[in-house]
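Please read this report beside the sequence and the coordinates.

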Amino acid sequence: MERVIMLADCESFYASVEKAAFPEYRGRPLVVAGDPARRSGIILAACPIAKRFGIATAETLGEALGKCPELVVVRPRMQTYIDVSLLITEIFESFTDLVEPFSIDEQFLDVTGSLIYFGTAEEIARKIQTKVKLYTGVWVRVGISSTKVLAKMATDIWAKKSEEGIFALPKTELSHSLWLQPVSKMFGVGSKMTAHFRRIGLYTIGDVAMCPLAELKQKMRTVMGRNSDIQAELYWQTANGIDPSPVTPSTHDRQQAVGHQMTLPRDYANAEEINVILLELSEEVCRRCRAKGYMGYVVSVGARGANFDRPTGFHHQIKVADPTNITTEVFAIVCKLFYKYWDGLPVRRIGVELSDLRPDTEYQLVLFGNREKIKKLEKVTDQIKNQYGGTAILRASSLLYAGQAVERSVKIGGHYK
Ligand SMILES: [Mg+2]
């Protein structure tokens with residue numbers, strides 16, 4: 001049986017939450033900016049009125065104020081956005097138990113089994129819109145199809161632009177809907193990939209869909225190298241709306257913490273040696289968090305002296321503004337903490353822990369421009385380690401991260417909860 005899947009997207013999510021919280025801003029252009037005190041702060045969200053001034057996400061506050069001097073500027077309250085996002089999940093769960101958060105402001109719903117209770121897919125979408133608006137003040141747009149990837153494109157290409165905010169994209173009608181769209185509109189295709197497709201003569205999503213897979217692989221190899229077969233297959237499936245992945249509800253029984261400790265073979269007393277261990281521990285903890293799909297708000301570090309009877313050990317923790325599972329970030333925090341409390345005496349046992357965990361899907365990673373790139377890099381190293389063992393990527397490459405860590409540590413705490 002054909003599934004009925006929705007992707008529900010919150011319009012201008014952070015900005016909508018703020019406007020609902022502060023009715024006095026109604027009718028005024030409002031943005032949420034990373035650092036409202038500085039013109040170099042980045043716009044994280046703009047309300048529809050602000051967007052009419054040409055203000056866009058990711059530009060600087062200075063640029064935005066240039067376009068609209070009367071702009072209302074609000075600092076982000078991440079915990080509130082997460083709470084509202086979880087409330088919206090609960091509202092969705094009143095229509096189906098199959099709800100999967102995709103990001104902080106986008107969630108998949110499988111409503112196949114709900115149709116007999118709540119009406120057609122469009123009727124359910126309208127009920128969802130009404131209920132979410134009533135409870136949170138947020139306007140939700142809904143794309144409907146039979147796979148997740150098609151529902152996502154139904155939202156991004158059509159529902160977001162329509163007055164009604166609802167768009168159904170039946171899989172049987174792709175040839176005169178999705179396939180007419182430029183390839184740049186396909187899910188997962190950025191400007192670089194668009195250029196690649198153009199170079200091999202593929203301009204529309206239909207061009208990719210109708211190209212025989214073997215030929216597509218061949219063509220993509222000419223512009224992207226020998227290892228592009230998997231990507232070719234993925235794009236071909238996306239263009240054809242093939243996506244068997246189920247809508248998987250996030251589990252509520254969350255793990256509390258991920259930690260790792262090491263008893264050293266001998267006493268370590270100089271920072272150079274200790275740094276290597278701190279990095280290894282940070283890497284191990286972050287790798288396990290990433291594998292389980294968690295990010296943590298609290299970073300802890302502990303150490304015990306060489307003489308186990310001597311009470312010189314310490315255990316300290318710090319809560320960061322943005323949850324993380326990124327090795328470079330955690331390592332920077334761990335170093336800061338460790339050297340703040342270390343008395344300089346030899347240590348024999350060191351531990352690192354990430355706690356106050358959240359599913360990493362809950363978090364929208366627009367806060368740091370560079371973060372997505374680093375996350376991808378770490379995903380790749382994780383894959384190599386999973387496949388070839390933990391030492392496949394040597395510590396030397398990790399130490400390259402360390403160079404960045406110092407620079408990045410400055411940014412942690414630059415945002416507010
Ligand atoms: Mg959105």
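The following paragraphs describe a predicted model.

The magnesium ion has three kinds of entry to consider in the chain: its protein donors are D9 through OD, C10 through O and D105 through OD, and they lie 2.3 to 2.7 Å from the ion. Along the sequence these donor residues follow the spacing D-C-x94-D. D9 has a relative accessibility of 3% and therefore counts as buried, and C10, at 6% relative accessibility, counts as buried as well.

The structure holds 15 aromatic pairs, and two of them are set out below.

| Pair | Centre to centre | Angle between planes | Arrangement |
|---|---|---|---|
| Y14 and Y81 | 4.4 Å | 10 degrees | stacked |
| F197 and Y235 | 5.4 Å | 80 degrees | edge-to-face |

Because Y14 belongs to helix α1 (residues 13-21) and Y81 to helix α4 (residues 78-93), their pair ties together parts that are 67 residues apart in sequence. Y14 counts as buried at 2% relative accessibility, and Y81 is buried with a relative accessible area of 0%. The pair of F197, in helix α8 (residues 191-199), and Y235, in helix α11 (residues 229-239), likewise links distant parts of the chain, 38 residues apart. F197 counts as buried at 0% relative accessibility, while Y235 is buried with a relative accessible area of 11%.

Elsewhere, ring pairs link F314, F338, Y339, Y341 and W342 into a cluster.

Charged side chains also meet rings: K148 lies over the face of F108, at 5.3 Å from the ring centre, and K319 lies over the face of Y297, at 5.3 Å from the ring centre.

Methods. Residues are numbered from 1 along each chain as its sequence is written. This is a predicted model: local features need pLDDT of at least 70, side-chain atom pairs count only at pLDDT 80 or more; totals for chains, interfaces and linings use all residues. Side-chain values use heavy atoms; hydrogens and water are left out. Donors are N, O and S atoms within 2.8 Å of the metal (3.2 Å for Na, K and Ca); water is not among the atoms, so sites may look incomplete. Buried means under 20% relative accessible area, exposed over 50%, partly exposed in between (1.4 Å probe, protein chains only). Rings of Phe, Tyr and Trp (its six-membered ring) pair if their centres lie within 6.5 Å; planes under 30 degrees apart count as stacked, over 60 as edge-to-face and the rest as tilted. Helices (H or I, at least four residues) and strands (E, at least two) are DSSP runs, numbered from the N terminus. A charge sits over a ring if NZ of Lys or CZ of Arg is within 6 Å of the ring centre and within 35 degrees of the ring normal.
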